[in-house]
Amino acid sequence: MKASDNPIVGRWRIVEADLWDQEHLDLCGPATLVVKAGGYGEIGFGAMQASLDIDYGPDEIGFTWAGFDEMDEVSGTGSAELQLDGSLQIEFEYHLGDEAILKAVRAPSSTAC
């Protein structure tokens, strides 16, 4: 499968997390996950902004990420899997830190990147 055919490619709005409330998720702007077809993407929620290095599966992705959270360098791993209802379940792990389950829905104007 080509990455551009992956159903997860596009822009997603993070709407839920098991560790944080929506106010925290949207602290510095709408919490988002952007999955691009070129093997990379971006995620941002709270005060964290990071770049993703992505591996594609049929209806899922795996990724490593690195970025900044409140001016501190952070990194970790994660995955995202398309659910039957069309939402995305994201498992997000900070290196030696928090592990969270996030839920995202496709952003209304999302097209393949």
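Predicted model: local features only at pLDDT ≥ 70, side-chain atom pairs only at ≥ 80, totals over all residues.

Me: How is the geometry of a pair classified, and what is the case for Phe63 and Phe92?

Reply: Planes under 30 degrees apart count as stacked, over 60 as edge-to-face and the rest as tilted. For Phe63 and Phe92 the planes stand at 40 degrees, so this pair is tilted, with ring centres 6.5 Å apart. The pair connects distant parts of the chain, since Phe63 belongs to strand S5 (residues 60–69) and Phe92 to strand S7 (residues 88–94), 29 residues apart.

Me: Which geometry do Phe92 and Tyr94 adopt?

Reply: Their planes lie at 85 degrees, so the pair is edge-to-face; the ring centres are 5.6 Å apart.

Me: Are Phe63, Phe92 and Tyr94 buried or exposed?

Reply: Buried means under 20% relative accessible area. Phe63 is buried at 4%, Phe92 is buried at 1%, and Tyr94 is buried at 14%.

Me: Which residues gather in a patch of negative charge on the surface?

Reply: The patch consists of Asp59, Glu60, Glu81, Glu91, Glu93, Asp98 and Glu99. One of them, Glu81, is located in strand S6 (residues 72–82).

Me: Why does Glu81 count as partly exposed?

Reply: The class lies between under 20%, which is buried, and over 50%, which is exposed. Glu81 has a relative accessibility of 39% and therefore counts as partly exposed.

Notes
Residues numbered from 1 in each chain as written. Heavy atoms only, no water. Patch = residues over 30% accessible without salt bridge, like charges linked within 9 Å, V, L, I, M, F, W, Y side chains within 5 Å. Areas by Shrake-Rupley, 256 points an atom, 1.4 Å probe, with all protein chains shown as cover. Salt bridge = Lys/Arg side-chain N within 4 Å of Asp/Glu carboxyl O. Lys, Arg positive; Asp, Glu negative; His and termini not counted. Charge placed at Lys NZ, Arg CZ, Asp CG, Glu CD. Helix = DSSP H or I, 4+ residues; strand = E, 2+ residues; numbered from the N terminus. Buried < 20%, exposed > 50% of the residue type's maximum accessible area, 1.4 Å probe, protein only. Phe/Tyr/Trp six-rings, centres within 6.5 Å; stacked < 30°, edge-to-face > 60°.
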